[in-house]
Amino acid sequence: MKVSKSIYLFFIPGAILYAIFFLYPALSAFYYSVTNWDGISPSYAFVGFENYVRAFTGDSIFMKAIGNNLKFLLFVVVFQTIVALVFAMILRKNSKINVFWRALFFFPTILSSVSVAFVWSFIYDPNLGLLNAGLEAVGLGQLQQGWLGDESAAIFALAFTQVWFHAGQMLIIFVAGLHAIPNDLYEVANIEGATRWQTFRKVTWPLLAPSATIVIAYTTIQSFKAFDLVFAMTRGGPNYSTEIIATYIYEVGFRSYSFGYASAISVIFMAIIALITFLQFKALRSGRVNY
Amino acid sequence: MVKKGALLLYGFLIIIPMLMVILTSMKTLQQTFDNPLGIPASGLQFSNYIDIFIEQTMVGYFANSVIVTLCSVFFALLFASMIAFGISRIHGWVGGVLFAVFSLGMIVPAQVIMVPLYSLVLQLELTDSLFGLIIVNVAVTMPIAIFILTGFMKTLPKELFEASMIDGAGNWKIFTKMVVPMSLPSMSATAIFLFVINWNDLLYPLLFITDNAYKTLPLALLDFQGQYATNYPMLFTGVIISSLPMVLVYIFLQRYFVAGMMAGAVKG
């Protein structure tokens, strides 16, 4: 049956807002990226690819930010996926007590990143914090340090906080994925005398690939967006050791008023995300099986 | 045995920070320095909760957050459900292209467009206004809502719509009288998802708001950090006040939160 043309009227309010406040800024990022605009003065000049050249050859902080971002991403993806998967398997059954545990583990997800940032800043505090006190209590006092003030530890302290913040959400996705695996496959594996590890390798993991794809892709996007957490906990410091691409765009755009250069970094950022997302989907799709 | 131990360990990892926040909010700064983790011999008190309302315009921040969140969720849901209905009704490649265009907004992180978006909002003179925050929130959260709702609306039985069209119902009537009521489960899950995003959002207030009169809770909290430096009792009092509505709603509607966040996450 033909749908009347009036259906297009349904798009009008949303599409106008979307075009003005998303599509237009996204496209103008490309335009600003080839100018030297400072964001304030009415006049600015076209500078070609100068901003891009500067990003890749003359800006060690940007390179550091990319490196930090990858460190953060890798830690969060690996750690968060393992934690979420292990607890999803433990809490797979829909018993009352398991539903309670899942609700508890999910809880941090509903908090604001600023709140989470404060809580963990306190835990990491060198003098007042729980972490150093805990290390002292179990006799690991020599590991004590100012976690967010230490250049080599800070990015991992942030990544750990990110895992605490979002692992519960990924756990729930895995539980849903586990529920979709037909029970008879486990029965067959059981009859065949497969070990637990073999069952996991041959049944659970391959059939969980769709959920794993979602978890890993979502975790990646969240890690790139970790702006709020980093901004509230360290502002990118000490000495740029926790500067990630998102905080660096803010720094360049709103602290040093180089809108043109910040736009060029934004465009590069967009390209990096597109590439990583594409590679992940390709890699994980090829690993899928059908039984 | 190992499983139980792992569960308890993870459980403590979540519960202990929460207890610590509550406890610290009921101490004075001096008590925190003397005894950062325990209960002070001199006793706990509620004066931070009173002080924060006196020294800060807490009621104002709270009201701003409520207004911005409710309006943003309402309009994003309204516009997104209209678009999702449109996409689910348009067959062939046109619907596909429209869907792809709106999906873009879901993949591109907000930080990528923050610089040009800021200058646009500045030119439109929408800085320091709740209205400005609301329309930006609506525009940027619509894509995820469109994604979830389109998926749901595509599963609705087409025969029903066709029958009502033969009876002379227009698209608007089909939308309001049939699609919206039938989509309520999916819409409420989406609403909760958007509610969490908007209530907790820091980036747009940080970019667009400098006047205290228009600040929302997350931005106000960030300001406290500058103002109170390492005054954790005061900071945590702010954390509790700003999280309380969300926590209370979560306790009662926990199932729907999980459903909403799931719908938001599962977009692969």
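**Exercise 1. Describe the fold of each chain.**

*Solution.* Step 2: read along the sequence, the pattern of chain B is α-α-α-α-α-α-α-α-α-α-α-α-α. Step 3: the C-alpha atoms of chain B fill a box of roughly 75 × 60 × 30 Å along the principal axes. Step 4: turn to chain A, which has 13 helices and zero strands. Its C-alpha atoms fill a box of roughly 75 × 75 × 35 Å, again taken along the principal axes.

A note on the model: it is predicted, so local features need pLDDT of at least 70, side-chain atom pairs count only at pLDDT 80 or more, and totals for chains, interfaces and linings use all residues. Residues are numbered from 1 along each chain as its sequence is written, chains are lettered from A and ligands numbered from 1 in the order in which they are written, and side-chain values use heavy atoms, with hydrogens and water left out.

**Exercise 2. Check a helix length.**

*Solution.* Step 1: helix α3 of chain A covers residues 60-90, which is 31 residues. Step 2: the expected span is 1.5 Å times one less than the number of residues. Step 3: that rule gives 45 Å, and the end C-alpha atoms are 45 Å apart, so the two agree. Step 4: look at the N-terminal end of α3(A). Asp59(A) caps it, with a side-chain oxygen 3.1 Å from the backbone nitrogen of Ile61(A).

**Exercise 3. Inspect a loop.**

Where is Pro238(A) found?

*Solution.* Step 1: Pro238(A) sits in the loop between α11 (227-233) and α12 (245-255) of chain A. Step 2: a cis peptide bond joins Gly237(A) and Pro238(A), with omega about -10 degrees. Step 3: Arg235(A) is also in the loop between α11 and α12 of chain A. Phi of Arg235(A) is near 55 degrees, a positive value in a residue other than glycine.

**Exercise 4. Compare a record with the model.**

Which residues of chain B does UniProt list as "transmembrane region"?

*Solution.* Step 1: the unreviewed UniProt entry lists residues 7-26, 61-85, 97-118, 130-153, 174-197 and 232-253 of chain B. UniProt positions are given in the numbering used here, feature names are shortened, and annotations may be inferred rather than shown by experiment. Step 2: residues 7-26 of chain B are 95% helix and 0% strand, with end C-alpha atoms 29 Å apart. Step 3: residues 130-153 of chain B are 100% helix and 0% strand, with end C-alpha atoms 32 Å apart.

**Exercise 5. Characterise the interface.**

*Solution.* Step 1: chain B brings 93 residues and chain A brings 84 residues. Contact means heavy atoms within 4.5 Å. Step 2: the two chains bury about 8,000 Å² between them, 81% of it on carbon and sulfur atoms. Buried area is the accessible area (1.4 Å probe) that two parts lose on being put together, summed over both. Step 3: in chain B, Leu7(B), Tyr10(B) and Val115(B) lose the most area to chain A, together 9% of what that side buries. Step 4: helix α13 (residues 232-265) of chain B gives the most to the side that touches chain A, with 16 residues.

How values were computed
Helices (H or I, at least four residues) and strands (E, at least two) are DSSP runs, numbered from the N terminus. A polar contact is a pair of N or O atoms within 3.5 Å; within protein, one must be able to donate a hydrogen and the other to accept it, and residues adjacent in sequence count only if both atoms are side-chain atoms.
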